[in-house]
Amino acid sequence: MSTAIAAAGPSAYWYLTRSSGAVALVLLTLALVLGIVDVGRWSTERWPRFVIDALHRNASLLALAFLSLHILTAVLDSFAPISLLNAVVPFTGSYRPFWLGLGALSFDLILAVIITSLLRRRMGHATWRTIHWLTYASWPIALLHGLGTGSDVKATWMLVIGIGCLVATVAAVLVRISLGWPDRLAQRGAALGGATVFTLGLLLWLPGGPLGNEWARRSGTPTNLLPHTTSHASSSAASQGANR
Amino acid sequence: MTVSERIQAPQLIDETAVPQGGESTKPPASGLPRLLEGVPAQGAMGLREHLDTHGELPPARRRDRRGAGALIDQIEQSGLGGRGGAGFPMARKMRAVAAGKGKPIVVVNATEGEPASLKDRTLLETLPHLVLDGAVLAARAIGADEAILCVCESADMGLARAQQAISERERLPGQWPRIVLASCPQGYVVGQESALVNHLNGGPPKPTFTPPMPFEKGVRRRPTLVNNAETLAHVALIARHGARWFRELGLTDQPGSTLVTLSGPLAYPGVYEVEFGASLTSLVEAAGGTNKRIRAALFGGYAGVWVDGGALSKLALSSAHLKPYGATLGAGVVLLLSEEACPIAETARVTRWLAGQSAGQCGPCVHGLDALSGTLEQIMHGTEGSHATERVEQLVGLVSRRGACGHPDGTVRFAMSALEVFDSELADHARHGRCDACARPSELPLPARMPSATRTPTAG
Amino acid sequence: MAEKVRVNPITCEAHGMCAELLPERITLDEWGYPIVDDRALSPELVSHAQRAAQACPTFALLVERERRR
């Protein structure tokens, strides 16, 4: 059945996994940005503090829902050999192992953050807070995963989303720094430096990386899935492969 | 017995007096000195001399329930209250700790974070065995197996002499319970009961808010008796001479003697032992009188209250006598401020220091005391406009009882009383800004480090 | 046995949600920290107080039974 669907065009799962991945990235960015600027204690009549806080929490939960869909559909899709294990244990796959592995890593971190937040009453506040800082790691890893694994990375809409999320996050970091967080000047300098290095690194890497030639091969796509190495027998799969 | 009948000139001892010769065990004196009996002019009183002066301790018998109960009864009848500032009834505290779950532990608070107080350091440096006796007796009475003596880490001499005294006792057999010396960071709030316990449990030396209270679960989750060093020194004497003897001095509602640190422009500022109810005038006379005119006196330390100089001749040293002025003795601190000082500048400086001493845990304290300091500094410079007093009153309301400890409450009380007592200087600063006296060297002491109480003579 | 609200001033970080969710008992001072009216909570207010306590990110707001001394 799946081969028949494959023969007809890219599977529904493939579209679902890409779109849910993009939506998850946007929602994660929203949750992260709200968390970063929380120190500003911003609120209006229409947007009181408890609503903004609820937005932060709900965005992260919704992101988890879309992430789950993203993982499930990636596993179910027959094009790329991704097992459930690959999706949660980093760097174990055969399909773009490093870039997919980043996604698994990011998912694990996000899961840890969300679970501890749901159980936060049972742990000390200091413990909860320390684990919560993992979000600062999970987000860039998710972004890199999307850029490295994603088949839409060269599409304008995907680039706009990705760059948009990056801009929003960096802006949030700048706002937080300007409000005097963290306490010490050296720490704020480090935060600013880290954000700058990441952004510049990313922008320098993109043209020669995912936006460059033969990224599918260079990123670790199994050779039998690459367009010019397939045999005539699966030429329809090959034409799909060329579109990915 | 009314207060006025008991105001009498006490027999005070000057801390620099020559000690009397080594006499064998003598009957307890009917007057003063008591704690300061035989205080050496130099060095600490050794164990042998201490036992000769005050008498031997009753022998230690473990599981002596009757003996333990008898001591607490004596302390209850004596009416001994804490000497750390709160005056809490000692017997009640001991019973509460003894009734707790687990083996109790005793903490002796000799950290003395109040800059204007020298009495606890004096006890450690000259009469450490009084404090150690009291610690041991209290520990036996409540069933504790350990007493921790807490001393400020920068009080070098106090630490050294305390360690010496502990070692002296350890050389003798039958010393029980054991006494351990603990060095604590320097800071105004470090001596707060829960902060001290927090530090001893390995945490920061900052007050805690969540239950349980130290008397239920304190050091190592055990019921903890935290007492000021002087309180325990009194226990050492009550155990020997009894409750009735203790009550021969002082007032019905506030019996016994107490140590007072008297400072300011005096011939002999220092630590004195007075009976409750003694007149301030008699204390000042014992200190050789003042060498400048006095503008006001600060009672209770930097969390205390100012009283105008004109009222001082009527004052006696007791809670009942100071209450109409809103003041207490606190940890036995009386600071005299001369007319040469600028009380506004002095208050502003001390308030700023107090703001810096905040543990930094509670928003209202951190922000409120900073705002208060800023307002006082503006008052000093005459830049605040006409609403400074209202602003201070507002801050008093905003800050009181909104922290985890009493530090902000004490600071605003201190500042508010200054603005009330020094109203003429306040008006003067409002009109003319800084006065000539603002630039004078400060009279109110603030620590860089904690100096020895007895090594250097205090300024006269 | 009435209930009332109390704030743990050490854990409080002035997020300000409590004042939004229980304005009947909590207002914010000029620095954003809660000023608590410790009058007893009427029955209708108890659920609001519990919601406010749940919303506090640092669990600084406490809903407590009045302790009889």
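Q: Which residue of chain C forms a salt bridge with A:Arg129?
A: A salt bridge here is a side-chain nitrogen of Lys or Arg within 4 Å of a carboxyl oxygen of Asp or Glu. The count between chain C and chain A is 1 salt bridge. Its closest N and O atoms are 3.1 Å apart, and the partner of A:Arg129 is C:Glu13.

This is a predicted model, in which local features need pLDDT of at least 70 and side-chain atom pairs count only at pLDDT 80 or more, while totals for chains, interfaces and linings use all residues. Residues are numbered from 1 along each chain as its sequence is written, chains are lettered from A in the order in which they are written, and side-chain values use heavy atoms, without hydrogens and water.

Q: Which three residues supply 43% of the area that chain C buries against chain A?
A: Buried area is the accessible area (1.4 Å probe) that two parts lose on being put together, summed over both. Between chain C and chain A about 1200 Å² is buried, with 47% from carbon and sulfur atoms. On the side of chain C, the three residues that supply more than any other three are C:His15, C:Glu20 and C:Phe59.

Q: Why is helix 7 of chain A described as largely enclosed by the rest of the structure?
A: Helices are DSSP runs (H or I, at least four residues), numbered from the N terminus. Helix 7 of chain A covers residues 135-149, and its buried residues (under 20% relative accessible area, 1.4 Å probe, protein chains only) include A:Trp139 and A:Leu143. The helix is largely enclosed because the buried residues number 11 of the 15.

Notes. Helix = DSSP H or I, 4+ residues; strand = E, 2+ residues; numbered from the N terminus. Expected span 1.5 Å × (residues − 1). Buried < 20%, exposed > 50% of the residue type's maximum accessible area, 1.4 Å probe, protein only.
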